[in-house]
Amino acid sequence: MTILLLNGSLNPASTTKKLLEQVQTLLQKAKYETEIINIGELELPLFHPAQPAGAAADWLRERIDSAEGFVIGSPEYHGSYSGALKNAIDYFDKDLLKGKPVGLLTSTGDLKGGINTLNGLRTVFRSLSAHAIPQQLAVSRKEFKDFSLTPDCQKTLEQFVIGLDEALQHQAAAAHILLQ
């Protein structure tokens, strides 16, 4: 199974990207194929429903369509997710994500931040008919020490990956039953 990890941060020193890399490592240990896509590197034009999408958007939609699950990461900007991520999501069609498991994570500047970002992402992915898993992850930059997570944060990250794995296995089992 292929899991796409979408990084909604444009910052080259992104904490969100570091979190996604740690999730990627755990998913690879669980034998998943993974790919991190940095939204800022795609140079997506501002979404306009009456304009052609362009090659970058078509490529992204193809990657979304072929993946079995996702991890969506965004920094918290003013209590929400990044505009770059929102622009990319606007290119997604409902059918691309229907029933697919999605794990949501955010990096914040504050120890008590992130909940609005996660709630906003959860609402968007539910509207796209994705299965936003109950486990989610909000990590403050203060919880990183020398580019590694505190022990409590690491445990939460592991539970996040376990939740995504369970959702992916459930999805695969359900698909198998439907094909019989």
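How many residues does H1 have, and how far does H1 reach from its first C-alpha to its last? I looked this up to begin with: H1 has 15 residues and reaches 22 Å, close to the 21 Å expected at 1.5 Å a residue. The expected span of a helix is 1.5 Å times one less than its number of residues. My helices (H or I, at least four residues) and strands (E, at least two) are DSSP runs, numbered from the N terminus.

A note on the source. I am working with a predicted model, where local features need pLDDT of at least 70, side-chain atom pairs count only at pLDDT 80 or more, and totals for chains, interfaces and linings use all residues. Residues are numbered from 1 along each chain as its sequence is written, and side-chain values use heavy atoms, with hydrogens and water left out.

**Entry: around H1**

I found that strand S1 (residues 2–7) pairs with strand S2 (residues 33–38) in the parallel sense, over six bridges. Two strands pair if DSSP finds at least two bridges between them. Leu4 has Glu35 of S2 opposite. Together S1, helix H1 (residues 15–29) and S2 form a right-handed β-α-β unit. Right-handed here means that, with the strands pointing away from the viewer, the path from the first strand over the helix to the second runs clockwise.

Next I checked the N-terminal end of H1. Ser14 caps it, with a side-chain oxygen 3.1 Å from the backbone nitrogen of Thr16. The buried residues of H1 include Thr15, Thr16, Leu19 and Leu27. I use buried for under 20% relative accessible area, exposed for over 50% and partly exposed in between (1.4 Å probe, protein chains only).

**Entry: two positive phi values**

Lys31 sits in the loop between H1 and S2. Its phi is near 75 degrees, positive in a residue other than glycine. Lys31 is exposed, at a relative accessible area of 71%.

Ser129 belongs to the loop between helix H6 (115–127) and strand S5 (131–140). Phi of Ser129 is near 65 degrees, again a positive value in a residue other than glycine. Ser129 counts as partly exposed, at 29% relative accessibility.

**Entry: H3**

Helix H3 (residues 55–66) has twelve residues and reaches 17 Å from first C-alpha to last, close to the 16 Å expected. I see Ala57, Leu60 and Ile64 buried in H3. They lie on the same side of H3 because they cover an arc of only 60 degrees around the axis; the arc is that of the directions from the helix axis to the C-beta atoms. The face turned away from the buried side carries exposed Ala55 and Glu62. Among what covers the buried residues of H3 are S1, S2 and strand S3 (69–75).

Which residues does Phe144 contact, leaving aside its neighbours within four places in sequence? I get Thr15, Lys18, Leu19, Gln22, Val139 and Leu149, where contact means heavy atoms within 4.5 Å. Phe144 lies in strand S6 (residues 144–145) and is buried, with a relative accessible area of 14%. Thr15 and Phe144 are 129 residues apart in sequence but 8.5 Å apart in space, C-alpha to C-alpha.

Ser74, in strand S3, is buried at a relative accessible area of 0%. A polar atom of its side chain lies 2.9 Å from the backbone nitrogen of Ser82. Not counting residues up to four places away in sequence, Ser74 touches several residues, including Thr16, Tyr81, Ser82 and Leu121.

Methods:
A polar contact is a pair of N or O atoms within 3.5 Å; within protein, one must be able to donate a hydrogen and the other to accept it, and residues adjacent in sequence count only if both atoms are side-chain atoms.
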